[in-house]
Amino acid sequence: MINDMNPRDIVGEFQETVLNLYGGMQRKVFYTGIETPYPDGKLIVSTTDPTGIITHVNQAFIDMSGYTEEELIGAPHSILRHPDMPSAAFKDLWDTVKKGEKWQGFVKNLRKDGGYYWVKATVVPNIRKGVVVGYTSVRRKPSRTKVEECMKLYPTLF
Amino acid sequence: MSFLFTVSPDFTPDRLSGWYIFNTWLQKQTGVAIHLEMYSGFNSQREAIRQDEVNLIYVNPYDAAMLVREKGFLPLAKPVGESDEAIIAVSASNPVSDVAELAPGIRLAFTDDPDVKMMGMIMLEPGDLDADNMQSMPCDTYVQVAKHLLRGEADVGIFLAEAYDGVSEMIKKQLKILVRSQISVIHHSLMIGPGLLDKREQFQQCLLGMTEDEKGRGVLESLGFKAWEKVDDEEMEFMIDLMDTLTI
């Protein structure tokens, strides 16, 4: 279950759209053009269950997403999905990790306040006694060159 | 029969005697004969692990995955409040103030501490820098890394944060930190392996109880630790998964 974004949480002028999320869910989102720079030296870490429901977040995740820990735990990871991200990227992510492999890519994430931040994301399956019990996702600061390449590429993938 | 204990070769040199004191204390507490072998480098230590010679190890997080997944080791404990963090530093006279301003072709000084080097390389990525577009200057110690920067022989250095913080104020004044990692969850651990696994609980109890008597506290002091805290299997698996995501 995922709630629509609340226009009262948004900072600055915004646009709205409805996203079709993985798993058949829909979400109304509001987004601005305000970027939050990725903090130097930090990693954003989260884990999910096998269906993508968040089970753990670190402080950097909370700080960068703008949500509280209570709002994040139990929510689908797609709570961060930005309308500028093509669904093909997430299909590739799921197809890769479901094969038990590591996925890496550059992602534009949506904050609770409608702003965004770019990350270099890596997702690995958590395999315990041969069974996938969840996924760990670690985000780090991306290179600006790679981000600029993605800003050109991603609009062509819709 | 004597079991073999070893310590990750990136231990602080000042603590060498501390590890021998710890080993003596551990043998007295557990009644198990343990020989401490300090290897001079990661390669010789990894070879001993490959040959199944090691039974107990204070291990670098980089090697923890191999020990758990290939050699059947399990975690015992980690030092309270200690985590491995890295620093990217340049000479104070270098006009660069951000990693993004560094240009390909720079000379990078680093030691062979695998986790510190990995964290350092990750912090250089935002500047589009990688092993292919930098000149490597491997060093034996962090003091050597600092010296290369001060002499202008290297442009950038990767330091273990603890080692950087420990260098003299005079040297620090001549250096400038560009990035300090704040990862918090990557740490060394004491791990127990085949041959001793049936004593895991006994060893854990001894370690966790070290702060309860004066002798134990003295041994901890000689290692530079406040106390040990238990590491359970899932915490170790979490760190291994995390390290897996960081492998470039």
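Modeller: Before we start, one term: a salt bridge here is a side-chain nitrogen of Lys or Arg within 4 Å of a carboxyl oxygen of Asp or Glu. Keep in mind that this is a predicted model.

Colleague: Fine. Which residue forms a salt bridge with B:Asp241, and how far apart are the closest N and O atoms?

Modeller: The general idea is that side chains of opposite charge can pair when their charged atoms come close. Here B:Asp241 pairs with A:Arg128, with the closest N and O atoms 2.9 Å apart. That pair crosses between chains, running from helix H10 of chain B to strand E6 of chain A.

Colleague: Are those two buried or exposed?

Modeller: Both B:Asp241 and A:Arg128 are buried. The cut-off for that is under 20% relative accessible area, so A:Arg128 at 15% counts as buried, and so does B:Asp241 at 2%.

Colleague: What other salt bridge does B:Asp241 form within chain B?

Modeller: One with B:Arg69, where the closest N and O atoms are 3.2 Å apart. B:Arg69 sits in helix H3 and B:Asp241 in helix H10, so this pair ties together parts of chain B that are 172 residues apart in sequence. B:Arg69 is partly exposed, at 44% relative accessibility.

Colleague: Let's zoom out. How much area do chain B and chain A bury between them?

Modeller: The size of an interface is often given as the accessible area lost when the parts come together. For this pair it's about 1800 Å², with 52% of it on carbon and sulfur atoms. On the chain B side, B:Pro126, B:Asp241 and B:Thr245 lose the most area, together 29% of what that side buries.

Colleague: How many salt bridges and polar contacts are there between chain B and chain A?

Modeller: There are 6 salt bridges, one of them between A:Arg140 and B:Glu125 at 2.6 Å, N to O. Polar contacts come to 10 residue pairs. H10(B) gives the largest share of the chain B side, 8 residues. By type, the residues on that side divide into 9 nonpolar, 4 polar and 8 charged.

Methods
Residues numbered from 1 in each chain as written. Chains lettered and ligands numbered in written order. Predicted model: local features only at pLDDT ≥ 70, side-chain atom pairs only at ≥ 80, totals over all residues. Heavy atoms only, no water. Buried area = accessible area lost by both parts, 1.4 Å probe. Polar contact = N/O pair within 3.5 Å; in protein donor to acceptor, adjacent residues only side chain to side chain. Helix = DSSP H or I, 4+ residues; strand = E, 2+ residues; numbered from the N terminus. Nonpolar A, V, L, I, M, F, W, Y, C, P; charged D, E, K, R; others polar. Buried < 20%, exposed > 50% of the residue type's maximum accessible area, 1.4 Å probe, protein only.
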